[in-house]
Amino acid sequence: MKLLFIEYPKCSTCIKAKKYLLSLNLEFEDLHIVEQTPTYEELKQWWKKSNLPLKKFFNTSGKLYKEMNLKEKLSSMSEDEQLLLLSKNGMLIKRPLLISDNEVIIGFNEDKYAKLYL
């Protein structure tokens, strides 16, 4: 199974999640969410695969999200506009993201990570 782990290295949740993945001896490709921001096409594919509302992909507790007043603006934006916005700035994306062949996990949930690999 191919795994992609997308993180912001200074994020404490990302650090915990990565440490947990390593403790499971799993191999994964590691991407820096700001230096290698996912593309519009990647985000769209992952969002469709996740079966989650697109809002779940936004880092709603982040400084940039608040500065841009996205809480008020997202509801009036199209899905394409939202995906384009996410693809332009990695700091807007909720992290970490763990992407496998058939699942997308947003944030860190030890149970979900463990179930993927049992």
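These legends accompany several close-up views of the structure above. The model is a predicted one, in which local features need pLDDT of at least 70 and side-chain atom pairs count only at pLDDT 80 or more, while totals for chains, interfaces and linings use all residues. Residues are numbered from 1 along each chain as its sequence is written, and side-chain values use heavy atoms, with hydrogens and water left out.

**View 1. The largest nonpolar core has 25 residues.** I6, W46, F57, L86 and L97 touch the most other members of this core. A nonpolar core here is a set of buried Ala, Val, Leu, Ile, Met, Phe, Trp, Tyr and Cys residues joined through side-chain atoms within 4.5 Å. Buried means under 20% relative accessible area, exposed means over 50%, and partly exposed lies in between (1.4 Å probe, protein chains only). At least two residues of the core come from each of β1 (4-7), α2 (40-50), α5 (79-88), β3 (97-99) and β4 (104-106). These helices (H or I, at least four residues) and strands (E, at least two) are DSSP runs, numbered from the N terminus. Another core lies apart from this one; it has 12 residues, among them Y20, L26, I105 and L116. In soluble globular proteins, nonpolar side chains tend to be buried together.

**View 2. F57 and its contacts.** Contact means heavy atoms within 4.5 Å. Not counting residues up to four places away in sequence, F57 touches W46, W47, S50, L86, L92, I93, K94, L97, V104 and I106. Look for W46, L86 and L97 in this view: like F57, they are among the residues that touch the most other members of the largest core.

**View 3. Helix α2 crosses helix α5.** Two packed helices are described by the angle between their axes and the distance between the axes. Here the axes of α2 and α5 come within 8 Å and cross at roughly 120 degrees. Axes are lines fitted to C-alpha atoms, for helices over the stretch in contact, and angles run from 0 to 180 degrees between N-to-C directions. That angle makes α2 oblique to α5. Angles under 35 degrees count as roughly parallel, over 145 as roughly antiparallel, 65 to 115 as roughly perpendicular and the rest as oblique. The crossing is right-handed, a term for a near helix turned clockwise from the far one by less than a right angle, with anticlockwise being left-handed. On the α2 side, Y40, L43, K44 and W47 meet E79, D80, L83, L84, L86 and S87 of α5. By class, this contact has 6 nonpolar, 1 polar and 3 charged residues. Ala, Val, Leu, Ile, Met, Phe, Trp, Tyr, Cys and Pro count as nonpolar, Asp, Glu, Lys and Arg as charged, and the others, Gly among them, as polar.

**View 4. The buried residues of α5.** Within α5, Q82, L83, L85, L86 and S87 are buried. Their cover includes α2 and α4. Q82 is also a contact of L74, a residue in the loop between α4 and α5. L74 counts as buried, at 6% relative accessibility. Leaving aside neighbours within four places in sequence, L74 is in contact with K55, F58 and Y65 as well as Q82.

View 5. Beyond residues up to four places away in sequence, I105 touches P96, L97, L98, K112, Y113 and L116. I105 and W46 are 59 residues apart in sequence but 9.6 Å apart in space, C-alpha to C-alpha.

**View 6. S100 in the loop between β3 and β4.** S100 is buried, with a relative accessible area of 3%. Setting aside residues up to four places away in sequence, S100 touches M1, K2, L3, K49 and L116.

**View 7. N51 and N69, two residues other than glycine with positive phi.** Phi of N51 is near 60 degrees, and N51 sits in the loop between α2 and α3 (63-67). N51 is exposed, with a relative accessible area of 70%. For N69, phi is near 55 degrees, and the residue is found in the loop between α3 and α4 (70-73). N69 is partly exposed, at 39% relative accessible area.
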